[in-house]
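The following note concerns the strand arrangement of the model shown below. Please read the numbered points alongside the structure.

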Amino acid sequence: MISVEYREADTKEALDKWARTLGVGVRIVDETWDSIYFQADAEYADGTHLRCRYRQVLPRPLAFRRRERTFIVGLLHEVDGASCYHVRPVIAGLSTDSQAEAVREATIYAGAMVELQRRSVCGATAANLSVYVVTRAADWNP
Ligand SMILES: [Zn+2]
């Protein structure tokens, strides 16, 4: 039977130390407009799985900037005569004041992300995907 031990680190340093002690790496597993989630996984010889996570809360000005620059990108491509849809939230254009440039970056990131995650499943590639919607997440009304 597989058992999982889960813990939340109080600081990023504590997570790094925990990971170093167990000889494993720390990676970013998720991000939202106001937080970044770091995680490390290790396994004991008996199969017990250890997971340690740290949520870094971003400073408010940066968080608001990221919320402003979070886009929902809808992409589609054809598979056997039918349309295959992919929707991704992405943060893009943090270093530009141009909304058009931010949207352009968002579509590139979303296309790359879909290719990385789905190419082996449905054949989506950055090249065969076309954008059918890009909207700021703050304006998104599903
Ligand atoms: Zn697809």
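1. Strands E3 and E4 are antiparallel partners joined by nine bridges. Two strands count as paired if DSSP finds at least two bridges between them; strands (E, at least two residues) and helices (H or I, at least four residues) are DSSP runs numbered from the N terminus. Within this pair, Ser35 has Val57 in E4 as its bridge partner.

2. The model is predicted: local features require pLDDT of at least 70 and side-chain atom pairs count only at pLDDT 80 or more, whereas totals for chains, interfaces and linings use all residues. Residues are numbered from 1 along each chain as its sequence is written.

3. E3 and E4 form a hairpin, with five residues between the two strands. In the turn, Gly47 adopts a positive phi of about 95 degrees.

4. On another flank, E2 pairs with E3 (residues 35-43) in the antiparallel sense through four bridges. Arg27 lies opposite Gln39 in E3.

5. E1 and E4 (residues 49-57) run parallel and are joined by five bridges. Here Tyr6 has Arg51 of E4 as its bridge partner.

6. Taken together, the four strands make an open sheet of mixed pairing, in the order E1-E4-E3-E2. E1 (4-8) and E2 (27-31) are the edge strands, each with a single partner, so one side of each has no neighbour in the sheet. On average, neighbouring strands are turned by 25 degrees against each other, direction ignored; the axes are lines fitted to C-alpha atoms (for helices over the stretch in contact), with angles running from 0 to 180 degrees between N-to-C directions.
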